Amino acid sequence: MSDKACGAKIRLVAVDMDGTALKSDGQVSPGTIEALNEWIKEGVVVVPASGRTYSWIPEEILGLGVPYVISGNGASVIDTGTGEYMYESKIKLKEGMDLLSYLLTENGQCYFQQKDQYYEDGNRSEEMEKIHPYMASVGFSRKGKLMDPLGFLKDKGEDIQKIGFMAFDEETEKRVAACGRRFPDFCILKTGPLCLEFNRKGTSKGEALKYLCHTIGIKQDQVMAIGDSENDVEMLACAGIGVAMENAPEKVKNAADFVTKTNDQEGVAWVLEHVLRRS
């Protein structure tokens with residue numbers, strides 16, 4: 001445990017979902033729920049901060065009464081009491097369709113989010129489920145299947161929160177990850193094995209967290225952020241205490257103040273219990 005956490009006065013905990021609060025099977029453990037609930041009882045604001053949509057934050061966590069959710073890698077901040085979008089950073093429709101037109105030619109499956117609804121290229125759902133069984137197990141291929149994603153977007157005419165691409169092989173992942181010069185209006189993040197996500201340039205969980213803290217009057221040095229993937233780096237860096245999971249890649253660990261146990265070892269519960277005990 002880092003000395004930085006000892007005696008820290010934490011007022012807000014921002015916690016990632018997949019690979020962090022959730023175990024490798026996509027479930028949240030009773031120990032993690034209990035630890036988060038203890039912090040809430042102490043008056044701490046707990047904020048799920050995820051690449052997921054608001055509707056796909058686990059019910060066990062929403063049921064704790066969390067007042068805000070950061071979704072879409074920081075594309076949105078939602079007031080759970082009113083359903084209001086307090087903050088949005090969206091991809092313009094034309095730029096999003098240009099990117100999707102390219103991604104649909106690559107060896108993988110595309111997906112995107114609009115207004116916290118998930119949609120995917122239904123033509124490649126079966127292949128995706130075989131290559132990315134975790135994504136299939138947590139429901140990312142059960143709803144929103146589209147046979148004509150570009151036609152759907154054109155007809156709907158709405159801007160996009162984020163776009164994702166699940167590569168079917170490493171060479172494709174490398175090629176798509178290197179497409180930044182072709183699409184300079186996007187930030188590209190690796191959010192899991194063979195998984196890349198695209199947001200509007202400047203969008204991050206860190207920027208969304210800064211906005212939320214400013215809005216509700218909490219200083220950034222009173223924040224603890226916990227995560228495991230590249231889309232968590234900015235959030236860990238801007239928090240008073242940044243915590244990386246043991247299962248995180250080195251880039252994420254290097255952005256953190258210290259490292260907790262893995263998601264399957266209830267690393268979120270471990271760090272919350274130890275900081276609460278020492279504060």
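Analyst: Let's start with one cysteine. C179 counts as buried because its relative accessibility is 5%; buried stands for under 20% relative accessible area, exposed for over 50%, and partly exposed for what lies in between (1.4 Å probe, protein chains only). Before going on, note that this is a predicted model, where local features need pLDDT of at least 70 and side-chain atom pairs count only at pLDDT 80 or more, while totals for chains, interfaces and linings use all residues. Residues are numbered from 1 along each chain as its sequence is written, and side-chain values use heavy atoms, with hydrogens and water left out.

Searching the whole structure gives zero disulfides. C179 is in none, as the nearest cysteine sulfur, in C110, is 11 Å away. With 7% relative accessibility, C195 counts as buried.

Now for the rings. A pair of aromatic rings is described by the distance of the centres and the angle of the planes. Rings of Phe, Tyr and Trp (its six-membered ring) pair if their centres lie within 6.5 Å; planes under 30 degrees apart are stacked, over 60 edge-to-face, and the rest tilted. By this rule there are nine aromatic pairs. One of them joins F112 and F152, a tilted pair with 6.3 Å between centres and 45° between planes. This pair links distant parts of the chain, F112 in strand β6 (residues 108-114) and F152 in helix α7 (residues 149-156), 40 residues apart. Helices (H or I, at least four residues) and strands (E, at least two) are DSSP runs, numbered from the N terminus. F112 counts as buried at 1% relative accessibility, whereas F152, at 24%, is partly exposed. F183 and F186 form an edge-to-face pair, 6.4 Å centre to centre with 75° between the planes, and both are buried. Ring pairs also gather Y102, F183, F186 and F198 into a cluster.

Next comes the nonpolar core, a set of buried Ala, Val, Leu, Ile, Met, Phe, Trp, Tyr and Cys residues joined through side-chain atoms within 4.5 Å. The largest one has 29 residues, and I10, V13, W39, I61, M224, I226 and L272 touch the most other members. Elements supplying at least two residues each include β1 (12-15), β12 (223-227) and α12 (267-278). Of these, α12 gives the most, with five residues.

Let's finish with β12. Five of its five residues are buried. In a regular strand the side chains alternate between the two faces of the sheet. Here V223, A225 and G227 point one way, M224 and I226 the other. Strands pair if DSSP finds at least two bridges between them. β12 runs parallel to β1, with four bridges, and V13 has M224 as its bridge partner. Four bridges also join β12 to β13, again parallel, and A225 stands opposite G242 there.

Technical notes
A disulfide is a pair of cysteine sulfur atoms within 2.5 Å.
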